[in-house]
Amino acid sequence: MSQDNKDKELQQWKNRLHDLADKSFQQGIFTFTDFLGLSEQDIFWREEEKLRYAGIHLWGGCENADRVMVRFGSADELGYEMPFPIVCIHIQPLARKFADELSHRDFLGALMNLGIERSILGDIKVGEKQAYLFCMDSMAEFICENLTQVKHTHVKCAITEEYHIVPEEAPMQVIIQVQSLRVDAVLAKVYNMSREKSLELFRTGKVYVDGRLCENNSRQLKAGETVNARGYGKFILTGEPRETRKGKLAVEAAVYR
């Protein structure tokens with residue numbers, strides 16, 4: 001996609017946010033976006049101060065979701081509550097014994113082959129030969145009826161409310177040592193890459209901190225912040241740094257691949 005087309009698409013998305021906020025505020029109703037990826041979330045956060053008047057809430061169907069929807073409208077102001085139009089679908093093999101080992105990419109590919117737009121789909125939590133898919137409720141019946149095969153494995157789908165059994169990826173806990181908490185230095189250390197490779201990720205717009213595009217590679221990270229590096233995964237600084245005897249900073253990070 002050319003830069004002009006990309007800029008046009010981003011502007012259209014920004015206009016969409018403001019239209020939904022205006023509609024909610026003026027008509028006294030709740031309005032919802034589709035699921036937002038990192039690029040859309042970055043635009044939202046850039047506009048968040050201008051949208052705050054309508055009342056905003058983000059949710060992806062489960063805690064710590066990577067893909068989320070925005071709801072405009074305040075229950076206190078409107079006098080009623082409206083849940084997010086998100087459901088969870090359990091996808092599992094018909095015969096687990098003969099099922100393939102299936103990845104996130106396998107499940108997403110099978111869904112895309114049904115002609116479903118990515119914006120309709122939230123997170124896909126993959127467990128052992130199965131997955132839990134968060135999606136817009138308007139597409140749930142279609143998915144349950146038409147998603148019958150993932151890779152070479154025949155599957156069945158059913159809406160579930162058993163969110164507590166959705167598999168949570170266990171992060172790898174690592175302790176790294178850096179000269180400072182500059183985001184480029186921490187990222188390079190976490191993923192064992194060169195400084196030049198780390199800087200390339202910033203130059204190509206592939207690094208996000210707490211859902212916001214990070215263009216300042218010298219930005220100082222704080223405990224609790226989440227860094228997403230497209231193509232690598234994400235990590236969260238889980239503790240305050242401590243100084244080592246050699247004058248470096250040792251800090252713990254939870255790394256999700």
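For my own record, strands pair if DSSP finds at least two bridges between them. Helices (H or I, at least four residues) and strands (E, at least two) are DSSP runs, numbered from the N terminus.

Before going on, I noted that this is a predicted model, where local features need pLDDT of at least 70 and side-chain atom pairs count only at pLDDT 80 or more, while totals for chains, interfaces and linings use all residues. Residues are numbered from 1 along each chain as its sequence is written, and side-chain values use heavy atoms, with hydrogens and water left out.

I looked up how β1 meets β3 (residues 69-72) and found an antiparallel pairing over two bridges. Thr-31 has Phe-72 in β3 as its bridge partner. Contact here means heavy atoms within 4.5 Å. Axes are lines fitted to C-alpha atoms, for helices over the stretch in contact, and angles run from 0 to 180 degrees between N-to-C directions.

Next, the five-strand sheet. I traced an open, antiparallel arrangement in the order β5-β6-β4-β8-β7. The edges are β5 (121-127) and β7 (149-150), each with a single partner strand, so one side of each is left without a neighbour in the sheet. I then checked β4 (residues 86-93) against β8 (residues 153-160): antiparallel, six bridges. One residue I followed there was Ile-89, whose bridge partner in β8 is Ile-159. Helix α4 (residues 104-112) packs on the sheet, touching β4, β5, β6 (130-136) and β7, and its direction makes about 140° with that of β5. Helix α5 (residues 137-146) packs on the sheet too, touching β4, β5, β6 and β8, with about 140° between its direction and that of β6.

Then pockets. On a 1 Å grid over the protein atoms alone, a cavity is a set of points where a 1.4 Å probe fits but cannot get out, and a pocket is an open set with protein on both sides within 12 Å along at least five of seven lines; lining residues have an atom within 4 Å of a point. Grid points are joined across faces, edges and corners, and volume is the space filled by probe spheres set on the points.

The largest pocket holds about 1600 Å³. I count 41 lining residues, with Asp-66, Arg-67, Asp-123, Asn-228 and Lys-234 nearest its centre. Elements giving two or more residues to that lining are α2 (38-51), β2 (56-59), α4, β5, β12 (226-229) and β13 (233-237). β5 gives the most, four residues.

The second largest pocket holds about 770 Å³. Its lining has 28 residues, and Lys-6, Leu-10, Ser-39, Glu-40 and Ile-43 lie nearest the centre. The largest share, ten residues, comes from α1.

Last, I looked at rings, which pair if the centres of Phe, Tyr or Trp (its six-membered ring) lie within 6.5 Å; planes under 30 degrees apart are stacked, over 60 edge-to-face, the rest tilted. There are six aromatic pairs. I picked Phe-32 with Phe-84: edge-to-face, 5.5 Å centre to centre, 70° between the planes.
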